[in-house]
Amino acid sequence: MTGLDYTRADLDTRSRFAVTKEQSQRLITALVANQPIAGAVLISTCNRTELYVSIPDDAPTDLSPTALLCEMVEQDYTACQGYFVERENDLAISHLSRVAAGLDSQILGDDQIITQTREALELARELGTADSYLETFFRQAISAAKAIKTNVIMKALGAASVPLETIKTLKTLTAFAGKKAVVIGNGVIGRSVAELLINEGVSVTVTLRQYHRGAVQVPAGAATIGYIDRYQAIDGADIVVSATTSNHYTLRTDELTNLISKPHIIIDLAVPRDVEPTIDDLGEVRLLTVDDIAAESQQLSAESLATVAAIIDEHANKYLAWKKNKEALAGLELSQPTDVSDSTPGNVTRVTPPEKGRQMRISAVGLGPGNPEYMAPRARQAILESDCVVGYISYLRLIPDLLTGKQTIATGMRSETKRCQAAIDEALKGQQVCVVCSGDAGVYGMAGLLFELAEGHPELEIEVVPGITAATAAAAVLGSPLTNDFAVISLSDLLTPWDVIAKRLEAAAAADLVLCLYNPQSHKRDDYLRRACDILLRHKPPDTNCGYVRNAFRGEASESQLCTLDRLAGEPVDMLTTVIVGNSDTRVTSGKLVTARGYRL
């Protein structure tokens with residue numbers, strides 16, 4: 001990665017590298033398309049601009065992320081490289097963890113940067129520029145940042161943000177009683193400033209763009225005026241705050257000069273600048289920038305800093321362990337692999353084994369979470385006894401030591417029917433076949449499909465070997481949330497219509513069941529967890545205790561988090577995550593999620 005921030009570049013220099021969301025969409029899409037990189041994520045805030053790239057091993061060794069960023073924003077690399085610092089691997093993830101936690105912001109502990117970091121990742125996901133390395137890298141950094149915010153910053157410093165510091169700064173300059181303010185910009189920062197000013201008793205007017213699309217959120221108690229008429233509202237106002245993503249000045253010196261009653265204080269929270277700097281020369285107007293309103297230097301104690309370092313090390317090591325494991329799996333050569341992803345069941349290319357005259361049998365085997373320690377002994381034995389092992393390629397890569405000398409048939413996602421038909425074809429030839437699934441083969445697995453496809457073959461024996469499910473594995477990581485009645489629901493609508501899923505969620509929530517949600521979110525279904533939470537909140541209070549686990553029991557790649565139902569929709573979950581929503585008796589005890597069974601204590 002490469003980046004510049006307020007410690008190495010002043011406001012005007014940072015402005016040259018600042019980009020809006022719309023610009024970022026165009027720039028990183030073009031970057032990945034035209035450069036020898038596998039992925040890119042761009043973070044641009046008032047404090048910094050940083051580019052994170054995933055560079056393949058075969059890329060040119062002299063490829064510089066700083067040069068790429070300079071080229072993206074049309075700045076001279078030679079003249080600007082001194083502003084930047086480049087980092088990679090553990091240093092990069094440690095840096096991003098600190099950034100997302102607000103430790104490296106001008107306002108120590110800034111609450112908004114973790115959201116901005118997550119939004120940068122989400123944008124890259126939408127554009128298809130976040131490969132698995134960047135995805136895992138950012139997830140671990142954001143998890144570390146959340147832990148730092150919860151366990152260190154909130155306890156030591158409390159809440160902090162640009163809007164809060166803006167109000168603190170204004171309080172040192174003027175009394176709020178009877179004052180009028182105009183806020184230019186109705187984005188997150190502008191709305192927050194307006195709400196805080198209203199809470200202080202200030203009369204606030206917010207500007208709105210006439211071409212704004214969709215629903216407009218205006219702070220309660222605020223008046224509104226069209227952006228084009230902003231100078232009418234400013235004439236006679238005491239305070240003006242501008243916080244937009246405009247590519248031109250929202251306030252110009254010549255226009256302000258013509259006002260009868262100029263504002264006493266103007267605060268420009270934008271990068272690049274919203275307000276023409278020469279306004280400060282008018283004398284009767286005091287102009288402050290985002291750099292001016294930064295809080296006085298605060299410091300964490302040595303004990304807090306040690307906790308921060310431990311949290312960052314933990315998550316950095318998880319990422320590095322995941323990276324090492326992924327690269328090892330990438331080099332795995334499965335013996336005699338056959339890919340049937342694009343084949344029809346009747347035309348599968350296979351390795352023909354010798355006739356053995358044994359009973360025709362298929363074992364549908366649940367591998368459990370993926371860690372060999374948690375695989376059932378019978379599952380391991382069934383794989384070892386087989387001649388042919390069939391499965392999704394990622395599952396086969398979990399058991400390389402069990403595949404030596406065996407025929408393997410691998411498929412990609414959404415080729416389940418072809419996979420199972422290929423297994424039946426091999427079994428009917430006399431092969432001992434094993435179909436492997438994650439978790440339990442009978443829980444959202446291949447066992448049911450095998451029985452359906454083999455219905456016309458009574459001579460074919462199908463054995464189902466159970467495994468630890470994602471639900472029970474996640475529950476064990478979180479504590480004991482499934483101690484009482486619970487329901488398991490998949491949010492994937494590939495095989496079940498969403499309206500059916502919604503009815504099941506509604507019924508389970510109304511019955512006060514603990515809920516275990518599989519497949520909570522994917523790149524294409526990025527709002528399904530939010531939709532599910534909206535349904536659950538009709539029946540469950542916002543403070544219902546919840547938790548989620550990603551890669552349960554998969555060594556260093558495993559991660560978990562507790563939260564409440566009102567925050568669940570915003571958590572970083574994906575297809576490798578299992579979510580558990582508690583019932584009215586679910587509590588957090590000693591850091592664990594526990595549902596009471598009803599015993600008298």
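Ile383 touches Val365, Leu367, Met375, Val389, Ile399, Leu402, Lys406, Cys434 and Val436, when residues up to four places away in sequence are not counted. The structure in which these contacts are found is a predicted model, and what follows leads through it from one residue or region to the next. Ile383 itself belongs to helix H13, which covers residues 377–385, and because its relative accessibility is 0%, it counts as buried. Val465 stands 82 residues away from Ile383 along the chain, and the C-alpha atoms of these two residues are separated by 10 Å.

A second pair of residues can be set beside that one. Between the C-alpha atoms of Ser64 and Val464, which are 400 residues apart along the chain, the separation is 53 Å. Ser64 is placed in the loop that runs between strand S3 (48–54) and helix H3 (65–72). Once residues up to four places away in sequence are set aside, Ser64 touches Tyr77 and Glu86.

The next step is to the nonpolar cores of the model. The largest nonpolar core has 35 residues, and those that touch the most other members are Tyr52, Leu103, Phe137, Phe138 and Ile148. Two or more residues of this core come from each of strand S2 (39–44), helix H5 (89–101), helix H6 (113–127), H7 and helix H12 (302–330). Which of these elements gives the most to the core? The answer is H7, with 11 residues.

With a relative accessible area of 5%, Thr136 is buried, and a polar atom of its side chain lies 2.9 Å from the backbone oxygen of Ser132. Beyond the residues up to four places away in sequence, Thr136 touches Tyr319 and Trp322.

Another threonine, Thr207, has its place in strand S6, made up of residues 203–208. Thr207 counts as buried because its relative accessibility is 4%, and its side chain reaches the backbone nitrogen of Gly185 at 3.3 Å. Gly185 is also one of the contacts of Thr207 when neighbours within four places in sequence are left aside, together with Val182, Val183, Ile184, Asn186, Ile225, Tyr227 and Arg230.

The last topic is the empty space inside the model. Rolling a probe the size of a water molecule over the atoms shows where such space is left. How many cavities of 30 Å³ or more does a search of the whole structure find? The search finds 1, and the volume of the largest cavity is about 40 Å³. Its lining is formed by Cys46, Asn47, Gln106, Ile107, Asp110, Val162, Val290, Ile293 and Ala294, and these lining residues divide into 6 nonpolar, 2 polar and 1 charged.

Note on methods: Residues are numbered from 1 along each chain as its sequence is written. This is a predicted model: local features need pLDDT of at least 70, side-chain atom pairs count only at pLDDT 80 or more; totals for chains, interfaces and linings use all residues. Side-chain values use heavy atoms; hydrogens and water are left out. Helices (H or I, at least four residues) and strands (E, at least two) are DSSP runs, numbered from the N terminus. Contact means heavy atoms within 4.5 Å. Buried means under 20% relative accessible area, exposed over 50%, partly exposed in between (1.4 Å probe, protein chains only). A polar contact is a pair of N or O atoms within 3.5 Å; within protein, one must be able to donate a hydrogen and the other to accept it, and residues adjacent in sequence count only if both atoms are side-chain atoms. On a 1 Å grid over the protein atoms alone, a cavity is a set of points where a 1.4 Å probe fits but cannot get out, and a pocket is an open set with protein on both sides within 12 Å along at least five of seven lines; lining residues have an atom within 4 Å of a point. Grid points are joined across faces, edges and corners, and a volume is the space filled by probe spheres set on the points. Ala, Val, Leu, Ile, Met, Phe, Trp, Tyr, Cys and Pro count as nonpolar, Asp, Glu, Lys and Arg as charged, and the others, Gly among them, as polar. A nonpolar core is a set of buried Ala, Val, Leu, Ile, Met, Phe, Trp, Tyr and Cys residues joined through side-chain atoms within 4.5 Å.
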